[in-house]
Amino acid sequence: SEDGEILKNFLEEDAAVCAEYGQNLGTDSTKLFFTPEELKGCGDEFIQARLDKDEKEKCTVTLKYPDIIPIGNNCEVAETRQKVAEAREGPGAYKNNLELVAKGITLRKKIATLLGFPSWAEYICAKRMSGSYKTVDDFLSSIQTQLTATGKEDYNTLLKLKKEKCEETKTSFDGKLNAWDTAFFNNLLLKTGYGVDAEAIKEYFPLDHVVETTLSIYQELLGLIFTEIPKGMFWSWHPEVRCFDVKDTKSYKHIG
């Protein structure tokens with residue numbers, strides 16, 4: 001039918017927008033340069049891997065997750081965290097992704113309307129366990145009231161930690177938690193308040209061993225076969241990305 005053809009085109013266009021959005025994240029060429037001192041707290045391994053790559057005695061930092069997450073979580077220099085956060089939100093980052101978001105929203109509204117739903121949220125929820133958008137909205141509204149007080153307590157805890165850190169480092173305290181502060185002070189709270197250090201824990205869980213063991217468990221529990229695809233045979237946003245082909249053990253049917 002005509003509507004079916006229109007829907008097919010909308011879905012294909014939406015998939016293309018999503019693919020382009022993801023590719024923009026992975027291929028962004030933004031580079032920031034910091035001295036090792038400006039990356040204090042990120043660890044020697046992180047710093048040495050990025051030192052002298054493009055500028056002498058400077059570390060090259062991109063807006064890809066292997067760079068921005070460790071900086072957000074561990075860098076003790078607030079100005080560095082701020083520069084990275086603002087670069088991510090700047091007009092030069094991730095190409096035309098803001099336009100793609102607007103385009104995707106418009107497309108999904110058209111798809112939902114064509115299928116008889118008032119919104120994309122209603123369409124998605126109808127396909128899932130919740131059954132409707134209202135069910136999800138009611139649930140979130142009910143827990144919002146209960147979590148508001150706890151959220152304020154958590155905010156004040158992190159703000160107090162920030163004030164103490166500023167006093168310790170003799171830097172100015174602005175009296176608020178900025179977007180580039182929350183991950184760092186939450187991580188600091190885990191270390192100082194609960195004895196949880198993600199970097200220290202990593203030493204006991206080598207990545208290759210964790211991946212192989214996890215896939216082995218899933219193969220046995222779910223009846224799946226994971227076969228690694230050789231490098232160069234798939235697109236990736238980082239050279240360390242690994243890709244696996246998934247098949248059903250009994251039927252050998254390709255799943256993903």
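## Lining of the largest pocket

By class, the lining of the largest pocket comprises 14 nonpolar, 10 polar and 16 charged residues; here Ala, Val, Leu, Ile, Met, Phe, Trp, Tyr, Cys and Pro count as nonpolar, Asp, Glu, Lys and Arg as charged, and the others, Gly among them, as polar. The structure is a predicted model, in which local features need pLDDT of at least 70 and side-chain atom pairs count only at pLDDT 80 or more, while totals for chains, interfaces and linings use all residues. Residues are numbered from 1 along each chain as its sequence is written, and side-chain values use heavy atoms, with hydrogens and water left out.

The largest pocket holds about 1400 Å³ of space. A pocket is defined on a 1 Å grid over the protein atoms alone, as an open set of points where a 1.4 Å probe fits, with protein on both sides within 12 Å along at least five of seven lines; lining residues have an atom within 4 Å of a point. Grid points are joined across faces, edges and corners, and the volume is the space filled by probe spheres set on the points. Of the 40 lining residues, Phe46, Arg50, Pro66, Pro70 and Glu240 lie nearest the centre of the largest pocket. Helices α2 (44–48), α3 (65–74), α8 (182–194), α9 (198–202) and α10 each contribute at least two residues to this lining, and α3 provides the largest share, seven residues. Helices (H or I, at least four residues) and strands (E, at least two) are DSSP runs, numbered from the N terminus.

## Second largest pocket

The second largest pocket contains about 370 Å³ of space. Its lining has 19 residues, of which Glu76, Ala78, Glu79, Cys166 and Thr171 lie nearest the centre. By class, this lining divides into six nonpolar, five polar and eight charged residues. Helices α4 (78–89), α7 (133–169) and α8 each supply at least two of the lining residues.

## Cysteines

The model has zero disulfides, a disulfide being a pair of cysteine sulfur atoms within 2.5 Å. Cys166 is in no disulfide, and the nearest cysteine sulfur, that of Cys75, is 13 Å away. Cys166 counts as buried, at 9% relative accessibility; buried means under 20% relative accessible area, exposed over 50%, and partly exposed in between (1.4 Å probe, protein chains only).

Helix α10 (residues 207–222) has 16 residues and reaches 22 Å from its first C-alpha to its last, close to the 22 Å expected at 1.5 Å a residue; the expected span is 1.5 Å times one less than the number of residues. Gly223, with a positive phi near 65°, follows α10.

Ile111 lies in helix α5 (residues 97–114) and is buried, at 0% relative accessibility. Leaving aside residues up to four places away in sequence, Ile111 touches Leu7, Phe10, Leu11, Asp14 and Trp120, where contact means heavy atoms within 4.5 Å.

## Positive phi in loops

Asp52, a residue other than glycine, has a positive phi near 65°. Asp52 is placed in the loop between α2 and β2 (59–61) and is partly exposed, with a relative accessible area of 45%. Lys95, also other than glycine, has a positive phi near 55°. Lys95 is found in the loop between α4 and α5 and counts as exposed at 54% relative accessibility.
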